[in-house]
Amino acid sequence: MRQEIKKVIEKAIIELKNRENWDSFEMLEIEVDYPKDEQFGDYTTNIAMILAGKMGKSPIGIAREIAGKISADFIKETEVAPPGYLNFTLDKKYFQKLISEINKKKENFGNSEKGKGQKVLLEFISSNPTGPIHLGNGRGGPLGDTLARVMEKSGWKTEREFYVNDWGHQVEILGHSILKDEEAQYRGDYVDDLARQKDKKMTDPMEIGNWAAHVIINTYIKPTCKKLGITFNSWFSEEKLHEKKKVDEIIKLLSDKNLTSEKDQALWYKSTEFGDDKDRVLVKSDGTKTYIATDFAYHKDKIDRGFGKLINIQGADHHKEAEVVKNFVEKVLLAPGPDYIMTQMVKVIKDGQEVKMSKRKGVYFALDDLIDEVGRDAVRFIFLSYSPSNHINFDINLAKEKSDKNPVYYVQYAHARIASILRKAKDLNFKFDESDLSRLVHPKELSLARELAKFPDLIEDISVSYEVHRLPFYAMKLADKFHSFYNDCKVLDEKNSELTRARLNLVNAVRIVLAETLDLMGISAPEKM
């Protein structure tokens, strides 16, 4: 609908621009948003104020001129509000028609071709295979998986990838930890288990670490991802990059472009040529290739596989590494650089106190421990409720509470309540496949329909902005409006069957959109609670 309103505004402006006093006009991007309060209409724009600043004219005057040219069947009223807003109120028939459309399209409501089938690779979690997934890495799981679902709904062809760091110093340290020698760093029951499982013939730390890394992937990491409801299209092995000489090829590529130098018996990448604060080591003095060299090879491989868009979800502590890789892709490979989503830390709170180390697994509160404690739905919903740039304080007590205070419970209860209404309607032999929806005129009915109308724009927005935290807030708002409608509007009224059928259409439309919103977040939509 926002796009339709933009077209109407643009048409009105074009009609006005040929007038003598509009000869300095230049078409600008028209932003259409929702008013903070529904009393100001369904949609609003500040385009008149922007034009006024460019043309040196009165915002109110320009707004009135535009309003005078607005014409569309679905717009009931165009109001000018100080200091120059244009507020649009849609005709009731639009919302009534929308209810019918949702019931026909079902879960396909909100689908679009925004992505035009473009291939997108989302890389997330990518926890080092030296132990179970901790919350810092795990936070990216619901974020990446939900974003992939939203982008798929918006017409992108998405794939999910877990990058397995099964090569390098941390793998060797894992081997030392299993041997329990002076270089051991990793501790926990899982390390003791690996030590007992190890073939006694294996004595080299790197060999042991590589073996252990794959055991950890299959024993801890993959089961945790499955428990969280995430299926990866591929588990990409860093070791394979080295085996296939992909890292050597990158080093040669950089050398051929005169982007390497030797210093202190090491090989350096001239990163400062692209604005970095210092050059970066590619090959250490002992011949070991660095993570930067491997990351370069990995991202070239992504592009070679035909992905036109790359999205990487990583912890905020990888910020500098992300800058270097993005510059390399854009300046050296001359390809679109990856979009990075950087996440902050997660703290777990129980009984008002922060929960610390999991001794059993040797990590700061393992992700699967949290899932076992509160369930997949609560973990995904609460993780998704925070913008990636904000820290999460995960309150276990709240996540387990069965009341309106718990946002997960509140939203799921709305869906269960709707399912109950529809079951009762069936028992009472109410049919709502055909109905006179013009009876839906109550303010709470129209307010609920307005919220449903926002869903397609929300999905398209998130597919571009990656702001998946808007989904749980939308779910809460929709649930809130449904509960409010339910309290004021009797749905099953045997004395007024026509109104009952109309309201059942509305209720079923809410069920469809709420269930789809939960599904995009990877959260169940219970029929009973």
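Reply: What follows is a short walk through a few features of this structure, which is a predicted model.

Me: How is a pair of aromatic rings described?

Reply: In general, a pair of aromatic rings is described by how far apart the centres are and by the angle of the planes. In this model the count comes to 19 aromatic pairs. One of them joins Tyr34 and Tyr43, a tilted pair with 5.2 Å from centre to centre and 40 degrees between the planes.

Me: Why is the pair of Tyr163 and Tyr298 stacked?

Reply: Planes under 30 degrees apart count as stacked, and the planes of Tyr163 and Tyr298 stand at 15 degrees, with ring centres 4.0 Å apart, so this pair is stacked. The pair links distant parts of the chain, since Tyr163 belongs to strand β6 and Tyr298 to helix α12, 135 residues apart.

Me: Is Tyr298 buried or exposed?

Reply: Buried means under 20% relative accessible area, and Tyr298 has 1% relative accessibility, so Tyr298 counts as buried. Tyr163, at 4%, counts as buried by that reasoning too.

Me: What lines the second largest pocket?

Reply: That pocket holds about 1100 Å³ of space and is lined by 40 residues, and helix α19 gives the most, with six residues.

Terms used:
Residues are numbered from 1 along each chain as its sequence is written. This is a predicted model: local features need pLDDT of at least 70, side-chain atom pairs count only at pLDDT 80 or more; totals for chains, interfaces and linings use all residues. Side-chain values use heavy atoms; hydrogens and water are left out. On a 1 Å grid over the protein atoms alone, a cavity is a set of points where a 1.4 Å probe fits but cannot get out, and a pocket is an open set with protein on both sides within 12 Å along at least five of seven lines; lining residues have an atom within 4 Å of a point. Grid points are joined across faces, edges and corners, and a volume is the space filled by probe spheres set on the points. Helices (H or I, at least four residues) and strands (E, at least two) are DSSP runs, numbered from the N terminus. Rings of Phe, Tyr and Trp (its six-membered ring) pair if their centres lie within 6.5 Å; planes under 30 degrees apart count as stacked, over 60 as edge-to-face and the rest as tilted. Buried means under 20% relative accessible area, exposed over 50%, partly exposed in between (1.4 Å probe, protein chains only).
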